[in-house]
Amino acid sequence: MSNYNINKGIGRTVEFKGLKAQYLFIFAGGLLGTLIVVMILYMAGVNSFICLFLGTGGASLIVWQTFSLNKKYGEHGLMKVGAKKRHPRYIICRKPVHRYLRITGKPDAL
């Protein structure tokens, strides 16, 4: 019986076979999605060899892609790439400058 250490200490991220953090969820979700697609195709009457080929091909693609993302971006790099895509490259200011310099007072309260 094999023993797998999943958590290596307090305050550290979860690691399993070299996959860290969000890559575990990508890995598990991708394999689960591939399994569901293969099951649906098999129940729909598609040839079992085609289902087997699509299942092994999809699973191997997910494993390869997940480990390459883990190696390329690291533990927090994928989240940083996603955050960088959400930020604008530059800020467009179309108001005239004097509108920013105008001083407005508080309205009188009744």
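Trainee: How many aromatic pairs does the structure hold?
Mentor: The structure holds one aromatic pair. The rings of F27 and F67 have their centres 6.3 Å apart and their planes at 75°, so the pair is edge-to-face. For the criterion, rings of Phe, Tyr and Trp (its six-membered ring) pair if their centres lie within 6.5 Å; planes under 30 degrees apart are stacked, over 60 edge-to-face, and the rest tilted.

Trainee: What is the source of the model, and how are residues numbered?
Mentor: This is a predicted model, where local features need pLDDT of at least 70, side-chain atom pairs count only at pLDDT 80 or more, and totals for chains, interfaces and linings use all residues. Residues are numbered from 1 along each chain as its sequence is written, and side-chain values use heavy atoms, with hydrogens and water left out.

Trainee: Back to the pair. Which helices do F27 and F67 lie in?
Mentor: F27 lies in helix α1 and F67 in helix α2, so the pair ties together parts that are 40 residues apart in sequence. Helices (H or I, at least four residues) and strands (E, at least two) are DSSP runs, numbered from the N terminus.

Trainee: Is F67 buried, exposed or partly exposed, and what is its relative accessible area?
Mentor: F67 is partly exposed, with a relative accessible area of 34%. Buried means under 20% relative accessible area, exposed over 50%, and partly exposed in between (1.4 Å probe, protein chains only).

Trainee: And W64, buried or exposed?
Mentor: W64, in helix α2 (residues 48-73), counts as exposed at 56% relative accessibility.

Trainee: What about T66, buried or exposed?
Mentor: T66 also lies in helix α2 and counts as buried at 2% relative accessibility. Leaving aside neighbours within four places in sequence, T66 is in contact with L19, Y23, I26 and F27. Contact means heavy atoms within 4.5 Å.

Trainee: Further along, which residues does N70 touch?
Mentor: Not counting residues up to four places away in sequence, N70 touches G18, L19, K20 and Y23. N70 is in helix α2 and counts as buried at 11% relative accessibility.

Trainee: Now α1. How many residues has it, and how far does it reach?
Mentor: α1 has 23 residues and reaches 33 Å from its first C-alpha to its last, close to the 33 Å expected at 1.5 Å a residue. The expected span is 1.5 Å times one less than the number of residues. Just after α1, G45 takes a positive phi of about 100°.

Trainee: Which residues of α1 are buried, and what do they pack against?
Mentor: The buried ones are Q22, Y23, L24, G30, T34 and V38. They pack against β1 (15-16), β2 (19-20), α2 and α3 (77-86).

Trainee: Which residues make the nonpolar surface patch?
Mentor: L32, L35, I36, M39, I40 and M43 make a patch of about 620 Å². Among them, L35 is found in helix α1 (residues 22-44) and counts as partly exposed at 46% relative accessibility. Patches are made of residues with over 30% relative accessible area and no salt bridge: like charges are joined within 9 Å, nonpolar side chains (Val, Leu, Ile, Met, Phe, Trp, Tyr) within 5 Å. A salt bridge is a side-chain nitrogen of Lys or Arg within 4 Å of a carboxyl oxygen of Asp or Glu.

Trainee: In what order do the elements run?
Mentor: From the N terminus on, they run β-β-α-α-α-α.

Key:
Accessible areas come from the Shrake-Rupley method with a 1.4 Å probe; for residues, only the protein chains shown count as cover.
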